[in-house]
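Reader: Hi! Could you walk me through this one?
Author: Happy to; here it is.

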Amino acid sequence: MEATSMEDKGYQVVYFGPQHPGVPGNIAYKLWLDGDRVVRAEVIPGFLHRGFEKMMENRTWEMNVTMSYRFCVEDPDHLEIAYSLAVEDVYKAEIPENAKWLRMIQAEMGRIASHLFWSHFIGGSVGLRTPAYWAVAAREEILKWFARVAGHRVYHNLSVPGGIRYAIPENFKEETLRVVEFVEEKARDVEEALLGNSVFKARLKGIGKLTAEDALNLGVTGPVLRASGLKYDLRVNAPYLNYDKVRFEIPVGKSGDSYDRAVVRFKEIYQSLSIIRQSLEEVKPGEPVRIKLGLTAPVGEGVARVESARGEYMIHIVSQGGRKPYRVRLKSMSMPLLTTVVDHIVSKEEVTIADFPVILASLDPCPPDLDR
């Protein structure tokens, strides 16, 4: 009835998306327009897979690794790490130190690749294609690095319950440092070309504002929350793996607008590069990277929380023993970004139809995470 009443008021209804690749990606929105101003946005999910959590309850502990990272294509590594941590919590298992450092390198490589991919989308959203292509070229080097280390480009299957699936290559440290140096140089080029561009500033500054209070009330975490001024990061506030043994800063913004979200993500890239360099110093080639877990899990529960590229990702597993989990549930990092946050922004601001895809891109949601 609400939709009908809004249409009776003279609002025009426009369907935006799905369009892949692009913004919003594998998802659509029903927009109500007053002229060129968006007055309401309703998300339309369901264009991708469904029921992944239930599917995981019908697969073995090992098979579920390949399910876990499909909730977010752009940032699969944090998801497989979180699943592995939760299973290890069920088993009450402690993985080798080498595996912890390698997981941190994997996670930060994944974060950088995700942020670079985001800069491609945000650049394309405002017509700045050249730096967007530079970002993809830098991300490509990370994907090649993953292919050499794990044998896979996009989904890596590197972290598994018990540690790291594969022994690291002999030239792992040298090759990783080479990639780090290359990516850092290209990321600075992309940052300068985007953040310093007058068109980019005009399209993002003052657009899509979100206060820290509103962000918390709406369930926002990650770079979007930090861009609103709240210095909160699970790697510091609730450390896991060996994040309490490395030094890094938590970048924050001031205004909470789309431009601040861009600034925070670029700063996070450099902090991730620093974490990788520190972790490389602790990696010891030849030492164990995995322990064996029993085929049958004990009765109990496992919980893991990680700071993904889009915010807090939590997975809860219930085991009744046996070869499969009894229940698998997760806390989505993109759910608020795609639902309550977008509707909140358009209800508070004068958002035009031209601003809408830019705001969506600045939030960096992951539509598969909603369709799970």
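**Notes on the model**

Author: Let's start with S258, which sits in helix α12 (residues 258–282); helices here are DSSP runs of H or I with at least four residues, strands are E runs of at least two, and both are numbered from the N terminus. This is a predicted model, in which local features need pLDDT of at least 70, side-chain atom pairs count only at pLDDT 80 or more, and totals for chains, interfaces and linings use all residues. Residues are numbered from 1 along each chain as its sequence is written, and side-chain values use heavy atoms, with hydrogens and water left out.

Reader: Thanks! Is S258 buried or exposed?
Author: S258 counts as buried because its relative accessibility is 0%. Buried means under 20% relative accessible area, exposed over 50%, and partly exposed in between, using a 1.4 Å probe and protein chains only.

Reader: And what does S258 touch?
Author: Not counting residues up to four places away in sequence, S258 touches L204, I207, G208, I359 and S362; contact means heavy atoms within 4.5 Å. The side chains of S258 and R261 are also joined by a polar contact of 3.3 Å. That term covers a pair of N or O atoms within 3.5 Å; within protein, one must be able to donate a hydrogen and the other to accept it, and residues adjacent in sequence count only if both atoms are side-chain atoms.

Reader: New topic: where is H156?
Author: H156 is in the loop between α6 (129–150) and β4 (159–160). H156 counts as buried because its relative accessibility is 1%. Its side chain reaches the backbone oxygen of V154 at 3.2 Å. Leaving aside neighbours within four places in sequence, H156 has contacts with P76, D77, E80, F146 and A150.

Reader: Nice. How do β7 and β8 pair?
Author: Strand β7 (residues 311–322) pairs with β8 in the antiparallel sense, over five bridges; pairing requires that DSSP finds at least two bridges between the strands. A hairpin of four residues joins β7 to β8, and V318 has R327 in β8 as its bridge partner.

Reader: What ring does R327 lie over?
Author: R327 lies over the face of Y326, at 4.4 Å from the ring centre. A charge sits over a ring if NZ of Lys or CZ of Arg is within 6 Å of the ring centre and within 35 degrees of the ring normal.
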